[in-house]
Amino acid sequence: MTSARGTLWAAILGSCIVFLDSSVVSVALPRIGQELPAHILGVLEGQSYVYGGYLLAESAFLILAGGMTDVYGRRRMFALGLAGFGATSILSGLAPTLEWLVVFRVLQGVAGALLVPGSMALITATFSGEAQGRAFGVWSGATAGLSILGPFVGGLLVDTVSWRAVFLINVPVVLITLWMTARFVRESRDAGAAKAFDVPGTLLTALAVGGLVVGTISGQQREWHSPAAFAALGVGAAATALLPWWMMRTPHPLIPLSLFRSRNFTVTNLSTLVIYAALAVTFYYLTLLLQGTFGYSAAAAGVASAPGVLFMALFSARFGALAARYGPRWFMTVGPVLMALGCLWLAWIPATSPPWTLNLSALATFAPPAEYVTSILPGILLFGLGAMVMVAPLTTTVMASAPVEHAGVASAINNAIADVGPQLAVAALFIVLTVQFYTALAGRVPGLDVSSPAVRAEVAPLNLPGPNTPEPVRRAAREASTGAFRLAMFVAAAMLVGGAAINAVGIQTPGAGRAPRVVSPDPSWRRWCRRLTAEVPAARPQDTGRAAPRSTSSSNRGS
């Protein structure tokens, strides 16, 4: 194996570790909530932190990690990220309590922030011209396949081994990738990169998002009787207020505010915040509903959401090309509207939906129940069609609206915003859904004290009730969870319509005959759908008016 080919596969494996982990954890959440003891956190509260803690750390340190990669060496930082991700995977897989798992997931997010920009930087530094485009194509194809197979593989691990296997499976892949990195990858760095890092800006970002998310979820879980929750909200609010003040005064800001002078950059990032929040809400709560309420096996829950992703894998690149030819505005408008229609379809899943206990050893379980085909699959297909139409044009637009010298940091900002939106949305909906669930439960079971800690520990939203729960309470909890999910889908649909309106009103289409200037392949550090469009910018150097090597390498100098 040549050095270049070995570098490419090391980068692919490094990216796949992160992508696989992020795509399978949501499938494992219901089992984690059932089996892992919690001494401080509630079940849904802990599941929210396990999901959001990783995103919080990754989004807060992503931009800083990109700069460190260029300054201190791409191979060195990539290897450091691998070692950190492997260590935190072991710790997560061996976590004794839900509280410790949350801590280890936050640390895992920091390691992931080092891994992701490093993998893209290795490809950019090793390949040039057409070879670079082919390398990005191989990379994006591998990650596209994982986005389809990941939830299914994760579900099989949960069903046949344990939820702990979802984390421990990372370890052998990390060891192989570390060997390949030592054997094939050459050290490279950007000699002209600025060595001044905005560490205070990074910490303010983490405190702002973390304080608001933790304070919101913790406060609702404890019915707003916890002083710590109000303290966290105060820290988050103060850090949010200080962040723009700091960015305007520091000589090397984490987020260059000058980028937001571009109307398309500002509008696209605003719609990204809203649309990707809705995307996360949809699949986060759908997974919990299918497993925790309807009794789907983890493998079945993974397979259930796969059909929508197929559209992304097969046709997303074509819509990126169409957007480059006709302008992105209406693609970025129609796409979210179709996604909203998918959410509205999912909102009416009946509470009587039967379980799907997919088991590879039992052929009879391969066929899904009829209610899946009529109540769930159409909504997922509509959602996938909308994402197929929207994602590549959105990626192209945000990269085309940034100066070449800031391409990397512009992409990192957009990806960080795509991570922040889900955290805030899940935290806000935690309040709404918890109130909705326990209000509905109290109405269906007169005399049940839903404010009792014992009741809340036994019966949690979108999770199976404890084994000692009476059957009438179980039926009522199923109805209440379905109603809470319906409310989440209405909120997600409203956010998607809002994102469509932002794009319709705000996006400016280049003049006739002017294709959007694509300055970088999409680093694709965000969730499953964004990972499928990296080949769109990389495959169209003729649209940029620049040579492909220069445009692609600039992305990592900025990050």
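This is a predicted model: local features need pLDDT of at least 70, side-chain atom pairs count only at pLDDT 80 or more; totals for chains, interfaces and linings use all residues.

User: In which helix does Ala135 lie, and what is in contact with Ala135 beyond its neighbours within four places in sequence?

Analyst: Helices are DSSP runs of H or I with at least four residues, strands are runs of E with at least two, and both are numbered from the N terminus. Ala135 lies in helix H5, residues 129–160. A contact means heavy atoms within 4.5 Å. With neighbours within four places in sequence left aside, Ala135 is in contact with Leu8, Ile123 and Phe127. Ala135 and Trp9 are 126 residues apart in sequence, and their C-alpha atoms are 9.6 Å apart in space.

User: What do the totals for the protein chain say about helices, burial and contacts?

Analyst: The protein chain has 19 helices and 0 strands. Of its 559 residues, 60% are buried. Among contacts with a separation of 6 or more, 85% join residues 24 or more positions apart.

User: How many salt bridges are there, and by what rule are they counted?

Analyst: A salt bridge is a side-chain nitrogen of Lys or Arg within 4 Å of a carboxyl oxygen of Asp or Glu. By this rule the count comes to 2. In one of them, Arg31 pairs with Glu35, with the closest N and O atoms 4.0 Å apart. Arg31 and Glu35 are separated by about one helical turn, because they are 4 residues apart in helix H1, residues 3–35. Arg31 is partly exposed at 21% relative accessibility, and Glu35 is partly exposed at 43%.

User: Which residue forms the other salt bridge with Arg31?

Analyst: Asp159 meets Arg31 in a salt bridge of 3.2 Å, N to O. This pair links distant parts of the chain, with Asp159 in helix H5 and Arg31 in helix H1, 128 residues apart. Asp159 is partly exposed, with a relative accessible area of 28%. Shared partners join Arg31, Glu35 and Asp159 into one network of salt bridges.

User: How is a pair of aromatic rings described?

Analyst: A pair of aromatic rings is described by the distance of the centres and the angle of the planes. Rings of Phe, Tyr and Trp (its six-membered ring) pair if their centres lie within 6.5 Å; planes under 30 degrees apart count as stacked, over 60 as edge-to-face and the rest as tilted. The whole structure has 12 aromatic pairs. One of these, Trp163 with Phe167, is edge-to-face, at 6.3 Å centre to centre and 85° between the planes. Both Trp163 and Phe167 are buried. Trp348 and Phe490 also form an edge-to-face pair, at 5.8 Å centre to centre and 65° between the planes. That pair links distant parts of the chain: Trp348 is in the loop between helix H13 (331–346) and helix H14 (370–400), and Phe490 is in helix H17 (residues 471–506), 142 residues apart.

User: What are the relative accessibilities of Trp348 and Phe490?

Analyst: Trp348 counts as exposed at 57% relative accessibility, and Phe490 is partly exposed at 33%.

Note on methods: Residues are numbered from 1 along each chain as its sequence is written. Side-chain values use heavy atoms; hydrogens and water are left out. Buried means under 20% relative accessible area, exposed over 50%, partly exposed in between (1.4 Å probe, protein chains only).
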